[in-house]
Amino acid sequence: MRFSVLASGSTGNAIYVATDRVSVLIDVGITGKQAEAALQTIGVNPADLSAILVTHEHVDHIKGVGVMARRYGLPIYANEKTWGELDGQIGTIKEEQRRFFAVGEKQELEDLGIESFGISHDAAEPMGFCFYQGSKKLSVATDLGYVSDKIKETIRGADAYVFESNHDVELLRMSQYPWSIKKRILSDVGHLSNETAGEALLDCLGGGAERVYLAHLSKENNMIDLARLTVKGILEEKGLVVGDDVHLRDTYPDRPTKLEEL
């Protein structure tokens, strides 16, 4: 299984996951042109894509979904409530391209196993995904206000995690955002802070050299170095050695991460 975080942050999100037989995008929250450029940067021909999976309907996750689906004839997988929101936002989609993936369901695309799980966010029915091929597992969990025990149980045991580390609480409190937006971000249907991300990861990591990609960083209320240092400090306080027991990876709003293999 190979993957790359094509874009991540408050301005747009997309992830590429592939095996030798299938390749999918999780969200396309950037333009179609940007998605194509990111894929080409990691050596992937967009014409070889198999499907798009949608976590939820916010624009930073679906901006380019309709364009990519129409351009390459890709099926779009989303749950029923999310489809209800997508229909007015991504343009016309042919009936044969509309696929359903319920929360808590497991499906297989060729040799790629996919499991969805519900998350807490202010969308119709948001969800994350775990991907399986052979003994390998990749867990993707962003856009969640808190991490429940059920989510931890579902994502635990992965070889790699794409995990939200959205904001620094003090930077958010001091920001120019209206209080209503700050309250939403800090709520149980908002986004994870760096501190909360580190604490949640403690309950998921086993010290087996897992890779953790800190994702969905706020442009205004976070910094790459701050997110990494905060999470690193929390993990090392509990005895995990970053660089040995766990490897922290950065993600970027404007360029893809290196295509890595599990």
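## Contact between α8 and α9

In this predicted model, Asn194, Glu195, Gly198, Glu199, Leu201 and Leu202 of helix α8 are in contact (heavy atoms within 4.5 Å) with Leu226, Ala227, Thr230, Val231, Ile234 and Leu235 of helix α9. Seven residues of this contact are nonpolar, three polar and two charged. Here Ala, Val, Leu, Ile, Met, Phe, Trp, Tyr, Cys and Pro count as nonpolar, Asp, Glu, Lys and Arg as charged, and the others, Gly among them, as polar.

Helix α8 covers residues 194-202 and helix α9 residues 224-237; their axes come within 8 Å and cross at roughly 40°. That makes α8 oblique to α9. Angles under 35 degrees count as roughly parallel, over 145 as roughly antiparallel, 65 to 115 as roughly perpendicular and the rest as oblique. Axes are lines fitted to C-alpha atoms, for helices over the stretch in contact, with angles from 0 to 180 degrees between N-to-C directions. The crossing of α8 and α9 is right-handed, meaning that the near helix is turned clockwise from the far one by less than a right angle.

## Contact between α1 and α3

The axes of helix α1 (residues 32-41) and helix α3 (residues 65-72) come within 8 Å and cross at roughly 70°. That makes α1 roughly perpendicular to α3.

Gly32, Ala35, Glu36 and Leu39 in α1 meet Val67, Met68, Arg71 and Tyr72 in α3. This contact of α1 with α3 has five nonpolar residues, one polar and two charged.

## The whole chain

The chain has nine helices and 14 strands, taken as DSSP runs (helices H or I, at least four residues; strands E, at least two) and numbered from the N terminus. Along its principal axes the C-alpha trace spans about 50 × 45 × 35 Å.

## Basis of the values

Residues are numbered from 1 along each chain as its sequence is written, and side-chain values use heavy atoms, with hydrogens and water left out. Because the model is predicted, local features need pLDDT of at least 70 and side-chain atom pairs count only at pLDDT 80 or more, while totals for chains, interfaces and linings use all residues.
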